[in-house]
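Subject: Structure handover

Hello,

Here is the structure I said I would pass on. My notes follow below it.

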Amino acid sequence: MRANSIDSAAKPGDAAIRALSPDTPVAELQGVGPKRAAAMAERGIVTLRDLIFHLPFRYEDWSAVTPIEKLAPGAVVTVAGELGIVTERPMRSARWRRLAHAVLTGERGAKLRLVWFNLPAYMRGRLPSGEKVLAHGRVSESATGGLELTQPELRPLSMGEPPPIRPVYRLPASIGQNLLAALILRALDAVADKIVGAIPEEIHRDLKLGEALRYLHAPPADADRAALERGESQAHQTLAGDELFGFELALCLERERAAARAGIALAGAAQVSSRWLADLPFVLTAAQSRAISEIGRDLEQPRQMNRMLLGDVGGGKTLVAFWAALRAVECGCQAAIMAPTELLAEQHHASFQRLCGNLGIPAGLLTARVTGAARAATMRTLASGALSIVFGTHALLQDRVRIPRLGLGVIDEQHRFGVFDRARLKALGAEANVLMMTATPIPRSLAMSLFANLEISFLDELPPGRTPVTTTIFSEDDLGRIEEMAAEELRAGNRAYFVVPQIENSDETGEDEVRSVTAMAERLRKGALGEFKIAVLHGKMRATEKESAMRAFRDGAVQVLVATTVVEVGIDVAEASLIVIIAAERYGLAQLHQLRGRVGRGRAASRCILVASRGCETSAIDRLGVMIACSSGAEVAREDLRMRGPGDLLGARQTGALPLKFVGLVRDARMIENFRALAESWLRTDPGLKSPASQGARRAIRRMLAHGFSLGDVG
Ligand code: ADP
Ligand code: MG
C-alpha cells in the first residue's frame with residue numbers, strides 16, 4: 001500500500017508545490033488522478049482548502065505495540081508482524097460479500113489471523129503481502145475459538161513510524177487512511193500558511209488557522225486525545241471562532257440589507273384589531289402586548305418585516321398572529337397563516353372562527369384534504385382578493401395558488417419548514433411582511449445570536465390561570481401503578497399520551513417490551529386500559545394515517561395515543577391531561593419540555609410522568625430532575641446548556657441548514673454570543689467591509705453564500 005500509487009506525469013514537483021494556493025483543485029496534487037478527484041468531490045473536497053478543512057473525526061493511539069501472545073478479546077490494539085498472502089472468498093450467508101483473511105506472523109513466530117468482511121476498495125490489489133506492517137484493530141474471538149483482528153487498518157513499516165496520535169478520517173471512496181493523511185499533510189505544507197481567516201489580524205486573539213489545522217491533522221505526542229475527539233481542543237475553538245465570526249458578520253449585514261428592503265406598509269387605522277383585542281374573553285399577557293406593539297411598529301413601516309416570535313409552548317403565539325392578520329386585513333391586504341401539519345392548520349382555522357368569527361372577515365382553509373369544489377372556490381376567492389385570510393399547509397405554496405394582495409405571511413412552527421418552503425412563501429408576495437413563530441426552547445441571548453438577521457419578539461410568559469403541569473419521575477418497575485393512574489384519569493373523561501422511543505421491538509432483547517409503540521399499545525389493550533380506545537402514531541405511518549389518528553384523539557374517538565416523538569408538534573388537545581414518557585433519560589431536556597407541553601392546555605390539572613429505564617445511571621436521573629425544578633422553556637434550555645446533555649437545542653434539520661461545520665450549538669453556545677459582539681463591533685469599525693483588513697471576512701461570507709446558504713433563510 002504505497003501512499004501515492006497513481007502519479008500522472010504533469011503534476012508539480014516539490015518546488016512547484018509551494019506555488020499552490022488554497023483554491024487550487026485537489027486534482028493538481030501528486031497522487032490524485034481524475035478518479036480520486038471525483039471521489040473527493042463526492043465528499044465536498046474540491047480544493048486544497050477543502051482538503052485541509054476535512055478534519056479527522058477520531059484519533060487512534062498506535063504508539064504502543066502489543067505482542068501477539070498478549071492479546072485479549074475486546075481490546076483495540078496495534079500489532080506488528082509480517083503480512084502473509086491475503087485470500088478472499090464469498091461469505092456463505094451473503095453471496096455479494098467477500099470474506100478476506102490473512103495471517104500476520106510476529107517477531108517470535110506467533111501468528112494472528114486478520115479478517116475483513118468486504119475488503120475496502122482501496123486495499124484491493126494493493127496489500128503489502130510479504131512486508132513488515134503494523135495492524136490496528138479490535139481483537140475478537142473467532143468461531144473456532146482462536147483470536148483474530150477484525151477489519152484492521154494496515155501500515156507498512158516502510159512508511160516510517162506512525163504519528164503518535166493517528167488521525168482517522170471519513171474516507172472518499174477508494175482512498176485509504178494512509179493516502180488521505182499523506183495528501184492532507186502535503187496540502188498543509190503547501191497552503192496552510194496562506195489561509196486567511198475571517199477574523200482580521202488586528203482583533204485576532206487565537207492561534208492562526210494554519211497552526212490550528214496542523215495541530216488537528218498531526219497532533220503532537222502530548223496532545224489530549226480525549227479533548228481532540230470531543231472537538232474541544234484549542235485548535236477546534238480557533239476554527240469554530242473564525243467560522244462564527246464570518247457567520248455573525250453575514251447575519252448582521254443581512255439584517256441591515258433587509259431593513260432597507262421595500263415592504264408593504266400596514267399603517268391604516270386600527271379599528272377592527274383594537275376592538276377585537278378589547279373584546280377578547282381574557283386579558284393579554286404583558287409579553288403578548290409587547291410582541292403586538294413590536295410587530296405593529298414593524299408593519300407600519302414601508303419595509304418588509306422579518307420577525308421571529310419566539311415563545312414557550314402555550315404562551316399564546318396564535319393570538320398574536322391573529323392580531324397581525326387582522327391588521328393586514330383592515331389595511332386592505334390579505335394574510336396567509338401556514339402550519340406544518342393539516343391538523344395544526346385546521347386547529348388555527350377553528351380557533352380563528354371561535355375568536356374572530358363575529359368580525360365577518362372571510363377566512364378559508366387550504367390543505368390537501370380540501371378538495372373538489374371547496375378547493376376551487378378557495379383558490380378562486382384567494383386569487384380575486386375576496387378571501388382575506390387563508391390557513392393552510394404546504395398546499396399554500398403550490399404554483400397555482402395566487403394571493404395578489406398578500407400583506408402578511410405567518411409561518412407557525414417555522415423550524416419544521418425547510419429553507420426552501422420559507423423562500424417560497426416569500427415568493428408568494430415579494431413585499432409581504434413575514435412573521436415566523438417557534439417554540440424551540442433556546443436561551444434569549446443565544447437566540448439573538450443565531451437569528452441575528454431577524455428581529456425577535458420573545459413571548460416569555462404564560463397566560464395566567466394555567467394549572468402548571470406536575471412532573472414526576474418513576475422507574476420502569478412502577479409501570480403497573482402508572483397504568484392505574486392513567487385508567488383513573490381516563491375514567492374522569494380525560495385523555496393520555498404514552499410516548500415510547502421506538503416503533504417496533506428489536507428481536508434480540510426481550511426486555512424491550514415497553515419500549516416500542518406496538519408492544520406498549522398491545523400491553524395497554526390487554527391490560528389496565530383494555531376498556532378504552534387506543535390508537536398508535538409513529539413516523540413510519542403515512543401522513544394521512546397519522547393525521548387520522550391525531551384527529552381521532554383530538555375528537556375523543558380514542559382516549560389513548562401511544563406514539564413516538566412525532567407527537568411533538570403544537571397540537572392543542574384540551575382534554576389531554578396525562579403524558580407518560582417511557583425511557584425519558586434518552587431525550588434531551590428541551591425535547592422533554594416540548595413533549596410536556598402537549599398537556600396542561602385545558603382546565604384539568606395535568607401530569608407529566610417521566611419513566612426512567614431500569615438500570616439507568618443516577619446522573620441521568622439527576623438530569624431529569626431539572627424537569628421537576630423548571631417549568632419554563634427558557635429555564636429548561638438554560639439548564640440543558642449548562643449540563644451539556646445530549647442537547648437537541650435546535651432540531652438537527654435546522655442545524656443542518658446553518659452553514660456551520662465546526663461549531664457545536666450546545667457546546668459552543670457561549671462562543672456564539674461572544675462572536676456576535678465581536679462581529680458587530682468590527683462592522684462599526686469597517687461598515688462596508690471595504691478595508692484590506694476585511695478581505696478574509698469578505699471571502700468567508702462569499703463562501704457561505706456559495707455553499708447554497710441563503711441568509712434570508714436562516715430563521
Ligand atoms: P402557543 O404559543 O404554544 O402556540 P397557543 O397560541 O396555542 O400557544 O395558546 C395556548 C392557549 O392559550 C390557547 O388555548 C389560547 O386561546 C390561550 N391563550 C392565549 N393567550 C391567552 C391569554 N392572554 N389569556 C388566557 N388564555 C390565553
Ligand atoms: Mg402554536
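The contribution to the shell around ligand 1 is greatest from helix α10 (residues 317-330), which supplies three residues. Please keep in mind that this is a predicted model.

Ligand site

The ligand has 17 residues around it, of which V283, G314, K317, T318 and R466 come nearest. By class, the shell holds six nonpolar, six polar and five charged residues.

The side chain of T318 places an N or O atom 2.5 Å from an oxygen atom of ligand 1. A polar backbone atom of G314 lies 2.6 Å from a ligand oxygen, and for G316 the corresponding backbone distance is 3.1 Å. Ligand 1 taken alone exposes 570 Å², and 84% of that is buried by the protein.

Sheet

There is an open sheet of seven strands, paired in parallel, with the order β11-β12-β10-β13-β14-β9-β15. β11 (363-366) and β15 (455-459) are at the edges and have a single partner strand each, so one side of each has no neighbour in the sheet. From one strand to the next the twist averages 20°.

Within the sheet, β9 (residues 306-311) and β14 (residues 433-438) run parallel and are joined by five bridges. R307 is opposite L435 in β14.

Two helices pack on the sheet. Helix α11 (residues 342-356) touches β10 (334-338), β11 and β12 (389-392), and its direction makes about 170° with that of β11. Helix α12 (residues 372-384) also touches β10, β11 and β12, at about 125° to the direction of β11.

Regards

How values were computed. Residues are numbered from 1 along each chain as its sequence is written. Chains are lettered from A and ligands numbered from 1 in the order in which they are written. This is a predicted model: local features need pLDDT of at least 70, side-chain atom pairs count only at pLDDT 80 or more; totals for chains, interfaces and linings use all residues. Side-chain values use heavy atoms; hydrogens and water are left out. A residue is near a molecule or strand if one of its heavy atoms lies within 4 Å of it. A polar contact is a pair of N or O atoms within 3.5 Å; within protein, one must be able to donate a hydrogen and the other to accept it, and residues adjacent in sequence count only if both atoms are side-chain atoms. Accessible areas come from the Shrake-Rupley method with a 1.4 Å probe; for residues, only the protein chains shown count as cover. Helices (H or I, at least four residues) and strands (E, at least two) are DSSP runs, numbered from the N terminus. Ala, Val, Leu, Ile, Met, Phe, Trp, Tyr, Cys and Pro count as nonpolar, Asp, Glu, Lys and Arg as charged, and the others, Gly among them, as polar. Two strands pair if DSSP finds at least two bridges between them. Axes are lines fitted to C-alpha atoms, for helices over the stretch in contact, and angles run from 0 to 180 degrees between N-to-C directions. Contact means heavy atoms within 4.5 Å.
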